[in-house]
Structures are given as C-alpha cells and as structure tokens.
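Hello,

Here is the structure I promised to pass on to you. Have a look at it first, and then read on for my notes.

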Amino acid sequence: MNNLAQEKKYKKIITALSIVIPIAVAALFGINLRELGFDVEPLKFLPPIYATINGITAVLLIAAVVAIKKGNKKLHEQLNSLAIACSLLFLLMYIAYHMTSDSTAFGGEGTIKYVYYFILFTHIVLSIIVIPFVLITYMKAKLGKFPEHKKVAKKTFPIWLYVAVTGVIVYLMISPYYV
C-alpha cells in the first residue's frame with residue numbers, strides 16, 4: 001500500500017477515534033456500577049495514580065522535545081510512544097474510577113472556585129481537541145512525513161502538555177475534598 005493510501009486509511013481511523021473516544025468517555029463517566037446494583041468497591045486509590053501518570057506524561061513530552069532537538073529520533077519516538085501509552089492508561093483508570101465512585105464536588109469558595117472551574121473546563125475541552133492532533137502527529141511520523149509531522153507537532157505539543165499539567169493541577173486542587 002502506498003503512502004497516500006495508508007494516510008487515507010489512517011485518517012479514517014483517526015476521525016473515528018476522535019469521535020468515539022470522547023463519546024465513550026462521556027457515556028461511561030455517567031455510568032456508576034454501584035448505582036446499577038453491581039457489588040464493586042469504589043476505586044478510590046486511583047486518582048493520585050492517574051494524576052501521577054499525567055505528570056509522567058508531561059515529563060515524557062518535554063524529554064521527547066529535548067531528544068529531538070539533540071537529534072535523537074529513536075529516543076524521541078520512544079518517549080512519545082510512552083506518552084501515548086500513559087495517556088491511554090490514564091484514560092482507563094479515569095473511567096474505572098468514575099464508574100465505581102461518586103463524583104467529588106470541589107469545595108473551594110470565592111476566586112479559587114472560579115480558577116478551579118476554568119482550569120477544569122479548559123483541561124476537558126483541550127483533552128478532546130488534542131486527540132486528533134496526537135494521532136495525526138504520530139501518523140505523520142510513522143509515514144515518514146517529517147516536515148508535516150514537525151508542523152503539526154508544534155501545535156500538538158503545547159496542547160498535550162497543557163492537558164497533562166492541568167490534569168495534575170485539577171487533582172491537587174480537588175484532592176482535599178475526596179471522601
């Protein structure tokens with residue numbers, strides 16, 4: 001299969017994933033297995049773990065940029081692949097937590113409440129927006145289209161880094177209110 005045909009195939013997959021993932025997360029977020037009568041323990045230990053994974057993702061992304069600036073393509077690719085794996089692991093844990101545990105309300109008041117909700121809102125919106133960017137960036141590299149990869153990576157990196165860092169910030173801000 002030539003590059004053009006491969007890219008066309010990958011774009012269809014990317015489009016599907018960019019739609020299916022946010023819809024699936026939203027749907028699963030709204031399902032609480034305990035409320036449906038399943039005898040499952042709340043997975044209350046997961047938030048600090050998935051917040052840590054977000055932090056690791058941020059470090060991996062920065063290290064990947066440093067690696068490519070030093071000309072180490074192999075390490076750059078490995079770090080980015082690991083960052084994608086961390087993001088998937090985060091997503092699975094996040095869904096598992098919310099399917100077994102009650103949502104935690106932010107208890108802060110005044111200005112900090114607005115700061116928290118601004119960070120949370122931008123984190124959620126950008127976490128949806130970044131999905132096709134990450135997948136397109138990865139696809140361009142896999143197809144050897146490095147000038148195009150570099151161009152889209154310049155947009156992907158800051159969005160993905162923001163999502164990873166704000167995931168940690170959201171956790172730190174809400175963690176005092178976990179029951």
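Let me start with helix α5, which covers residues 146-174. With 29 residues at 1.5 Å each, α5 should span 42 Å, and its end C-alpha atoms lie 40 Å apart, so the two values agree. There is still a kink in α5: about 35°, centred on Ala153. Please keep in mind that this is a predicted model.

Stepping back to the whole chain, the protein has five helices and zero strands, which gives the pattern α-α-α-α-α along the sequence. The C-alpha trace spans about 50 × 35 × 25 Å along its principal axes. Of the 179 residues, 34% count as buried. If you take contacts between residues at least 6 apart in sequence, 80% of them join residues at least 24 apart. The protein exposes about 10,800 Å², with carbon and sulfur atoms supplying 71% of that area.

Two spots may interest you. On the surface, Ile19, Val20 and Ile23 make up a nonpolar patch with about 290 Å² of accessible area together. Ile23 belongs to helix α1 (residues 3-29), and its relative accessible area is 56%, over the 50% cut-off, so Ile23 counts as exposed.

The other spot is Lys140, in helix α4 (residues 111-142). Its relative accessible area is 8%, under the 20% cut-off, so this lysine counts as buried. Leaving aside residues up to four places away in sequence, Lys140 touches Glu7, Lys145, Glu148 and His149.

Best wishes

Terms used. Residues numbered from 1 in each chain as written. Predicted model: local features only at pLDDT ≥ 70, side-chain atom pairs only at ≥ 80, totals over all residues. Heavy atoms only, no water. Helix = DSSP H or I, 4+ residues; strand = E, 2+ residues; numbered from the N terminus. Expected span 1.5 Å × (residues − 1). Bend = angle between axes of the 7 residues up to and from the residue. Patch = residues over 30% accessible without salt bridge, like charges linked within 9 Å, V, L, I, M, F, W, Y side chains within 5 Å. Areas by Shrake-Rupley, 256 points an atom, 1.4 Å probe, with all protein chains shown as cover. Salt bridge = Lys/Arg side-chain N within 4 Å of Asp/Glu carboxyl O. Buried < 20%, exposed > 50% of the residue type's maximum accessible area, 1.4 Å probe, protein only. Contact = heavy atoms within 4.5 Å.
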